[in-house]
Amino acid sequence: MPKRADIEKIMIVGSGPIVIGQACEFDYSGTQACKALRDEGYQTVLVNSNPATIMTDPELAEKTYIEPLTTEYLRSIIARERPQALLSTVGGQTGLNASVALAEAGVLDEFGVELIGANLEAIRKAEDRQAFKAAMTEIGLEVPRSRLVSDVEDGLDFASEVGYPVVLRPSFTLGGTGGGLAYNSEEMHSLLRRGLELSPVHEVLVEESVLGWKEYEMEVMRDLADNAIIICSIENFDAMGVHTGDSITVAPAQTLTDREYQLMRDASLACLRKIGVDTGGSNVQFCIDPETGRMLIIEMNPRVSRSSALASKATGFPIAKIAAKLAVGLRLDEIPNDITQKTPASFEPSIDYVVVKVPKWQFEKFPGTEPVLGVQMKSIGEVMAIGSTFKHSLWKAIRSLETGRKSGSDVYSADLVPKRLITPHPDRLNYIRFALAEGYSVEDICEMTGIDPWFVSQLKSVVDLQQDLAQTSLDEVSPAQLTMAKRSGLSDNRLARLWDETETAVRNRRKEWGIRAVFKRVDTCAAEFESFTPYLYSVYEEESEAEPTDRRKIMILGSGPNRIGQGIEFDYCCCHASFALQELGYESIMVNCNPETVSTDYDTSDRLYFEPLTLENVLNICDEEKPDGLIVQFGGQTPLTLALPLKAHGIPIIGTDPESIDLAEDRDRFGRLLVELDIPQPAGSTATTQEGALEAAKQIGYPVLVRPSYVLGGRAMVIAYDGATVESYMRDAVVYSQDRPILIDRFLENALEVDVDALCDGDEVVIGGIMEHIEEAGVHSGDSSCVLPAQTIPDNTLETIADYTVRLAKALNVIGLVNVQYAVHEGRVYVIEVNPRASRTVPYVSKATGVPLAKIAVGLMTGRKLADYGLSQGVLPTTKVCVKSPVFPFNKFSGVDPLLGPEMRSTGEVMGIGASFGEAFAKAQLSAGHMLPDGGSVFLSVNSRQKAEGVEMGRKFADLGFQIYATRGTAKALRNAGLRCRTVMKVAEGRPNVLDLITDRRVDLIVNTPSGAHAFEDEKRIRSAAIQQAIPSMTTLNAAKAAVNGIAARKHGQPGVLSLQDLHAKGEPLPA
Amino acid sequence: MSFPATLALEDGRCFQGRGAGARAEASGEVVFNTGLTGYQEIFTDPSYSGQIVVLTYPHIGNYGTNPDDSESERPYIEGLVAREFSAVTSNWRSSQSAHEFLASRGIPIITEIDTRALVRHIRKHGALRGVLSTQETASEELVAKARSIPSMAGQDLASGVSTADRYSWTAGPPHCLPSSLPKATARGDYHVVAYDFGIKRNILRQLADIGARVTVVPCGTLSEDVLSMSPDGVFVSNGPGDPEPLHGPAAEIRKLVGRVPIFGICLGLQVLGQALGGKTYKLKFGHHGCNHPVLNLITNKVEITSQNHGFALDPDSLAPDAIELTHINLNDRTVEGFRSRKDPLFCVQYHPEAAPGPHDSQYLFEDFRQLMDAAH
């Protein structure tokens, strides 16, 4: 079947910002789709609001729009670009929902755009739980008993009918948001009410519980000729009851006979056909009663998903790429298998290894929420490992998590064992190991956890092995025992600690004995055909298939699992590094363990090592590859912590010297450097004890910023206004500090924060951008909206910032990228920190300026000069205003205070591009999910220091036609200035108060600035209520000012859209 | 309980691992199977007679064994090579561990070797003769033994596994799973005579499922004896070894062509090919797995198939005016199925009865039913 000739231009909608349940995997799928369609000769129009994605690189599509994914904006883009088709299935739930909304609004019909991939009817049938249930029953598949309810009473009736616990699944929410298990009628009442509120259609499916059943997923593909194949089966280690995104999962399924597996295969294909997914990939979930084998179908996603990204990486079969080709009419047997080259894509991958995925959680970022796992996804990221056996793979995956804890170094409590095992918890796996070591039987563990005995036995065999090894020593251990240990997945580091030796001693001994890692290929076919793609993983077996080349080669260390503060932005940088190396004629070698990313696509680099980013694994690869250079500055903190040890092992690290990186992190040495350069920084000190910290804080003067050294994303930072806070911090923070001191700095209240990204070739410095933060200093830079170019900073201050940046980059001998954070306080510029590496803002600055900073940095690291890129000095220009705004996961963590502070908590970001600051800010807010109101009511509560500015703000709102509610103090100031407003009581003052206004949605916008040391209880409640009601809430005056400007801009103009290609076109920029 | 084990190949390459199963020595052609599930079906498939099987999936034995999933009355593989053999069984249907299942029938297992390296070796050098020992014999001795065993080419193994006496079969697929998908196939009432070259039970079950009473006969049965049973159709089964020595049965089956509808699977296709004047040849390492794409040239649809064969039919040896190719393998373009242009006869090289493997091709049994209907 030839590909379609009636289509020339195809639009692809991305998945927006990174949120829980929707991460880099959709950058991977969207990027693959763009590349695949371009290869087939189609023009593509890509829309996504997330600037940190590879898919929004202007090279990947004919037209790239970084715009809000709303019907209004998408319509403008369609009107401008006139695509003939819309591919809806590669942008996650967001892309699918946006596509459905366009269809339902009549936009697709209006412009004659065809939905390809999945049609509207199929999407509805798969997404609407009632329709799905009916369809499955029709083809003879069983689903859990359930009822769709739209009021609480109905739900309670059904629950008493089938018996508790029951599962709640709100319709049309992402990652199971608002879902949960109710064990009794009281819990049912509150969970159901919340679920109904969160569902855009106010419906919740109440379902019979299949807790403790075995859970499976099947990744399926189908072409227009009805050829259908299974790419991969996945078995969940955790039983039903834990969201599959929060489960440890294993590919392929381990405990199904062929008879059972084939039934599941038949059911998956029947489901796909019944739902009517014409082409592309889908994911079908099943559960099986371990006692009787009864199989139920749980759900299906008619699009590529997180699991399909995992399946693609697990098998080497690129689902999204093939899905895009099938969408334009190609058949599976017309598409070659990239890896084997000689065989077609119409086959089912066979694998001869085991793949394990482990989620990464960060509950510590959200105090106040209980670290319990359930049907709503809470993990922030994930890692995948490929190993020769389940044990080998699981242990590799756990090391990939970079918990900062060394395995075996934790303290567990025997009393907690039953609780931790029965209630799914992020630490459950460790507790299982602890319980096994304490003598619990496999049966005990299975009974408490619902985990299959086969899995638990595997854990037990390693626990037993460790106990045996602990009886010996490095001098006594036999080569056979050591081989067994390595093949079971134990790290050199773990063995070293068992024996009280150094990691290097263990490493040297095993190498002496010829026990070394070898590398196998992921080849889709279990070695039946030759592989032409070096997609590699390490095992402790006999034969290596790495076949390193003798080309000039450079290795890039990736950024590992997504976490708050270290996510897709660094993957973007690593991918760019790889592209740049290839352009410069080097062989690029990528090392990473995050299955969601573009960097772990075998297409991205010349060679891919899917490996944990630990010293042992990286050294093993270096032994095999002997790279000419190693790049550590693009992967965030992960590779940086390896930089010095790698250098000590003689690995050639290119770019900024690791010693300089270390110097910038070392308080004393860096402080001395600043003194030498005569650049001010806030008064600060270090401490290693509680007393020392208190003494230092007293000397510096409160408020102080207290944080550990050497972290990214502000992990465990606090602003302390008194000694008590410092004291409690020192008690709790030690876990994270690991031999490194605690830093204590003067906190500059009400300062303006500025972020700078710059390039340095050793002689010259070019500044990518001076980003002005919209939130005040004290809000973590990753959580602050920022704007390019700076809006309110005077020229002479900008010059000072540029001057400091140049001098710092040169002083640190930066080769490549450097990021500097400044605070501007009462007209004076202070350096807060310098990071001689790629920062979180590199993709944003690159997209705002049209200059690929990361690629140029690689050029500099390999010996080029800025002049070679036509750059000499100064600040890169921007033709439009670009605002970056963060996106937060607070709706996933009930009970958490959403007040922003020095601890970073956003998971993703969006960018708004506009002709004015206001327009750009409004777009960014919209993309972040906060629709700024055009009118209505605004609630104003401004702290006493800011009353004058608050009055100005009030006047602007009044001019825009807003009705104003204000708390007493603010109201008085407003009235004194002649403005009309209505007074509302604070929460503590009585009722009706501001909370009532919010709950009834009688206000459309909230401006509430914190007043000093502690968030008062009512402020906390205001912000929580605002988040629940999705009312935009500004907690700083800067943000509020931007909002006013944004509203004004929206009122005065149509939704303007502009592609990156037009934005950065040579010559005159096109009008928006 | 762990003991050393060695796998020695005729070209001198040896793998040292740990033993399981029986303390024994086994010899045969070493082949690999890339299926992810279905080890019990593989153990008991008579087509593996004379072969030591390497399973590429690293965990074998996880779900134990059960009475419903055997493809014959006993294991036929000579020896098993697996990366890791599970000591633990986890499945609600399991009644015996995989270890006991093989050990009690004297079959040795070697584990803890780099199975992927072995598979790559076979891919490069072709299927090799080998000896698997769990009895601590010196490697050199085993290599010498491997060189002394007869080569697969030219061996008539089918006669050795064929039934000695005819028997009848009427049992359909077992209802051993609580969940199932409805099947909407019509049933008839037919008598099928099945030539047994090592027939798999699931073929018999599938034939029973279309409404056939099957009489399984020894592979040396004469055509007149078959005709005297007044069959509605004749089935030619799968089986081990080289089809080339099976001239006798091929000649007998030749006499049935045109007189009764005929359906053949795997070795059955090769025998039918020979009966119609075709030639077979040995593949380098054969097709053994559950993921082979086959294009049905009539419907132009792709089927994912279960395969297990070391020999193939040479398409150029068949008369194009008499024979129509119906299926080809999309990986290597080898013959996967043909039908007679004038007589009611069709056959496939792969296994539509699956077990193990996907059910994409079960329609072929329905085709056979319709062919028998049409002949009435």
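Helices and strands are DSSP runs, numbered from the N terminus, with a helix having at least four residues and a strand at least two. In these terms, P992(A) belongs to the loop that runs between β37 (982–983) and α33 (994–999) of chain A. The structure is a predicted model. The peptide bond that leads from R991(A) into P992(A) is cis, with omega near -5 degrees. Chain A also has a cis peptide bond from Y164(A) to P165(A), where omega is near 0 degrees. P165(A) is placed in the loop between α7 (152–162) and β7 (166–170) of chain A.

Two glutamates have backbone angles worth checking in the model. In chain A, E547(A) is not a glycine, yet its phi is positive, at about 45 degrees. E547(A) sits in the loop between β18 (535–539) and β19 (553–557) of chain A, and its relative accessibility of 52% makes it count as exposed. In chain B, E136(B) likewise has a positive phi, near 55 degrees, and is a residue other than glycine. The loop that holds E136(B) runs between β9 (128–133) and α4 (139–148) of chain B. E136(B) is exposed, its relative accessible area being 56%.

Next comes a helix of chain A. Helix α19 covers residues 503–512, and its buried residues are V506(A), R507(A), R509(A) and R510(A). Viewed down the axis of α19(A), these buried residues fall within an arc of 165 degrees, and therefore line one face of the helix. What do the buried residues of α19(A) pack against? Their partners are α17 (479–487), α18 (492–499) and α21 (615–625) of chain A. After α19(A) comes G514(A), with a positive phi near 75 degrees.

S599(A) is in the loop between β20 (587–592) and β21 (607–610) of chain A. Although part of a loop, S599(A) has a relative accessibility of 0% and counts as buried. Its side chain makes a polar contact of 2.5 Å with the side chain of D571(A). Apart from neighbours within four places in sequence, S599(A) is in contact with D571(A), C575(A), M590(A), N592(A), T604(A) and L608(A).

I230(A), by contrast, is part of a strand, namely β11 (residues 228–236) of chain A. At 2% relative accessibility, I230(A) counts as buried. R265(A) is 35 residues away along the chain, and the C-alpha atoms of I230(A) and R265(A) are separated by 7.2 Å. If residues up to four places away in sequence are not counted, I230(A) touches M218(A), E219(A), V220(A), Y261(A), R265(A), S268(A), L269(A), E348(A) and P349(A).

Over all chains, a search of the whole structure finds 27 aromatic pairs. One of them joins F235(B) and F263(B) edge-to-face, with 5.4 Å from centre to centre and 80 degrees between the planes. Because F235(B) lies in strand β13 (residues 233–236) and F263(B) in strand β14 (residues 262–265) of chain B, this pair ties together parts that are 28 residues apart in sequence. F235(B) counts as buried, at 0% relative accessibility, and F263(B) counts as buried, also at 0%. Ring pairs extend the picture to a cluster made up of F235(B), F263(B), F346(B), F365(B) and F368(B).

Chain B also has charged side chains placed over aromatic rings. R74(B) lies over the face of Y76(B), 3.9 Å from the ring centre. K282(B) lies over the face of F311(B), at 5.5 Å from the ring centre.

How many residues of chain B are in contact with chain A? There are 59 such residues, and they meet 68 residues of chain A. Chain B and chain A bury about 5,300 Å² between them, with 48% of this on carbon and sulfur atoms. Of the area that chain B buries against chain A, W92(B), R116(B) and L181(B) supply 13%, more than any other three residues.

Definitions and conventions
Residues numbered from 1 in each chain as written. Chains lettered and ligands numbered in written order. Predicted model: local features only at pLDDT ≥ 70, side-chain atom pairs only at ≥ 80, totals over all residues. Heavy atoms only, no water. Phe/Tyr/Trp six-rings, centres within 6.5 Å; stacked < 30°, edge-to-face > 60°. Buried < 20%, exposed > 50% of the residue type's maximum accessible area, 1.4 Å probe, protein only. Lys NZ or Arg CZ within 6 Å of the ring centre and 35° of its normal. Polar contact = N/O pair within 3.5 Å; in protein donor to acceptor, adjacent residues only side chain to side chain. Contact = heavy atoms within 4.5 Å. Arc of directions from axis to C-beta. Buried area = accessible area lost by both parts, 1.4 Å probe.
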